Amino acid sequence: GMDEDIFIGEDDTEDAMHGDTVAVKLVREQMPGKRPEGRVLRVLHRENDTIVGTYEKSRNFGFVVPDNNKLSKDIFISKENSMGAVDGHKVVVQITDFGSSKKNPEGKVIEIIGHINDPGTDILSVVKAYKLSADFPEDVMSEVKGIPESISGADMAGRKDLRHLPTVTIDGEDAKDLDDAITLSRTDDHYVLGVHIADVSHYVKEGSPLDREALKRGTSVYLTDRVIPMLPHRLSNGICSLNAGTDRLALSCIMEIDQKGKILNHEIAETVIRVDRRMSYNGVQKILDGDKELLAEYADYVPLFQDMKKLSDILRKKRSSRGGIDFDFPESKIFLDDAGRAVDVQPYERTPATKIIEDFMLAANETIAEDFFWQEIPFLYLTHETPDDERIHKLTVFIKNFGYYLKNGSGEIHPKEFQKLLGKIEGTPEEACLLYTSPSP
């Protein structure tokens with residue numbers, strides 16, 4: 001089998017574009033230090049029937065320069081196919097002729113998104129380029145109409161009822177759909193932590209129009225000023241959102257954890273929960289910092305938040321002793337004015353409150369992964385492969401310039417070494433530079 005990529009020279013691409021599936025003829029076999037070379041015989045599947053780009057006008061025709069710089073050829077547009085686009089318009093082009101290695105592709109403008117200087121045009125261009133659709137097909141919407149807005153006794157049958165437990169959600173200030181909730185209680189020296197996620201699978205049945213559309217979308221897409229959801233709002237912000245004061249169906253991972261952070265027992269169950277309080281990270285942080293007003297307002301829940309902080313510290317300490325790496329990349333939040341122009345970029349603050357939720361989610365994820373591993377049930381895992389030797393070597397050379405070293409045993413580098421390195425560079429001027437060059441573990 002060929003494990004090497006095949007190099008295709010510019011003149012040998014025929015009419016193939018980035019992303020196409022092609023049949024290739026080998027022109028030169030792989031030789032030491034040289035990649036095999038080939039030429040495209042024909043395109044088997046075209047990835048790009050429409051392309052988003054910027055219109056550039058000439059006197060009697062125009063070109064569209066694709067936004068995606070892997071599409072290296074501009075697309076020729078005759079005057080009658082331009083829809084009257086002017087210089088600097090972002091457009092969607094339908095390709096009518098894919099050209100060849102000697103000749104540019106041709107197309108016709110099927111939509112003018114807006115001018116590159118107009119606010120909002122850039123975001124719409126991304127939406128069109130990835131063929132994201134805010135609207136759902138009719139069969140999906142009619143299926144959604146049949147889904148109730150509240151849960152019935154029949155829905156609860158056979159599920160574990162956890163509505164009596166003090167339950168909170170903790171999210172960002174502006175979160176609309178609340179996916180996960182937390183319960184926590186303490187016995188003498190053990191914690192019982194419950195991580196509960198909305199049971200979407202109860203409403204989205206395999207193979208249904210909803211399921212097929214969600215699969216096609218793959219995920220919700222968060223853009224600067226909008227969200228294009230994977231499921232219609234009536235689900236994601238309704239029956240599948242863990243809103244305070246409502247009964248909701250959930251999938252729960254309930255873990256018994258000792259003072260050292262060891263998970264002694266766990267149960268994975270279909271449950272019914274009721275959230276008592278919707279909290280924000282800032283609110284929880286203020287309570288932990290002793291804000292008098294909030295301490296009074298949430299008096300009944302203060303011990304719960306304090307226990308959450310204690311358990312989070314225990315879990316974090318245990319993870320750290322195993323060599324777990326805490327990548328504290330600052331995420332950015334972009335602020336827009338009313339016209340949709342970006343006016344500011346601020347880092348998202350990671351506070352002990354946000355870390356509490358991270359720690360609890362990690363504990364649940366690991367517990368569930370391990371449960372399925374021992375049951376030998378096929379399961380999808382997100383794994384972090386060991387970085388390859390060449391990248392480690394490059395990194396070692398690079399950090400040496402700053403006076404840092406990675407200890408390398410028998411070729412493999414233990415995560416603990418990365419952890420130590422991250423500890424050393426924390427707070428230094430070169431921290432950001434080194435974080436972004438390190439091979440993602």
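1. Let me start with a helix pair: the crossing of helix 8 and helix 9 is left-handed, a term used if the near helix is turned anticlockwise from the far one by less than a right angle, with clockwise giving right-handed. Helices (H or I, at least four residues) and strands (E, at least two) are DSSP runs, numbered from the N terminus. The partners are residues 302-321 for helix 8 and residues 352-375 for helix 9; their axes come within 9 Å and cross at roughly 60°. Axes here are lines fitted to C-alpha atoms, for helices over the stretch in contact, and angles run from 0 to 180 degrees between N-to-C directions. The two helices are therefore oblique to each other; angles under 35 degrees count as roughly parallel, over 145 as roughly antiparallel, 65 to 115 as roughly perpendicular and the rest as oblique.

2. A word on what you are looking at: this is a predicted model, where local features need pLDDT of at least 70 and side-chain atom pairs count only at pLDDT 80 or more, while totals for chains, interfaces and linings use all residues. Residues are numbered from 1 along each chain as its sequence is written, and side-chain values use heavy atoms, with hydrogens and water left out.

3. Back to that pair, for the residues involved. Helix 8 brings M308, K309, L311, S312, L315, R316 and R319 to the contact, and helix 9 brings P352, K355, I356, E358, D359, F360, L362, A363 and E366. Contact means heavy atoms within 4.5 Å. Sorted by class, this contact of helix 8 with helix 9 holds eight nonpolar, one polar and seven charged residues. For the classes, Ala, Val, Leu, Ile, Met, Phe, Trp, Tyr, Cys and Pro count as nonpolar, Asp, Glu, Lys and Arg as charged, and the others, Gly among them, as polar.

4. Helix 9 also packs on helix 6, at an angle of about 110° with the axes 8 Å apart. Helix 6 and helix 9 are therefore roughly perpendicular to each other. Y281, V284, Q285 and L288 of helix 6 meet P352, A353, T354, I356 and I357 of helix 9. By class, the contact of helix 6 with helix 9 comes to seven nonpolar, two polar and no charged residues.

5. Helix 6 itself covers residues 281-288, and its buried residues are G283, V284, Q285 and I287. Buried means under 20% relative accessible area, exposed over 50%, and partly exposed in between (1.4 Å probe, protein chains only). The cover over these buried residues includes strand 10 (167-171), strand 17 (277-280), helix 7 (292-297), helix 8 and helix 9. After helix 6 comes G290, with a positive phi near 90°.

6. Leaving aside neighbours within four places in sequence, T354 is in contact with Y281 and E349.

7. K131, with phi near 50°, lies in the loop between helix 1 (121-129) and helix 2 (138-145); K131 is partly exposed, at a relative accessible area of 49%. E376 has a phi of about 55° and belongs to the loop between helix 9 and helix 10 (389-400). At 71% relative accessibility, E376 counts as exposed.

8. At 18% relative accessibility, S101 counts as buried. A polar atom of the S101 side chain lies 3.2 Å from the backbone oxygen of D11. Beyond neighbours within four places in sequence, S101 is in contact with E10, D11, T13, E14 and K73.

9. T187 occupies the loop between strand 11 (180-186) and strand 12 (190-198), and at 44% relative accessibility it counts as partly exposed. T187 and D258 are 71 residues apart along the chain, with their C-alpha atoms separated by 9.9 Å.

10. Helix 11 (residues 415-425) has E417, F418, Q419, L421, L422 and I425 buried. Just after helix 11, G427 takes a positive phi of about 85°.

11. Finally, the overall picture: the chain has twelve helices and 19 strands, and its C-alpha trace spans about 80 × 60 × 45 Å along the principal axes. Of the 441 residues in the chain, 36% are buried. Among contacts between residues at least 6 apart in sequence, 63% join residues at least 24 apart.

Key. Polar contact = N/O pair within 3.5 Å; in protein donor to acceptor, adjacent residues only side chain to side chain.
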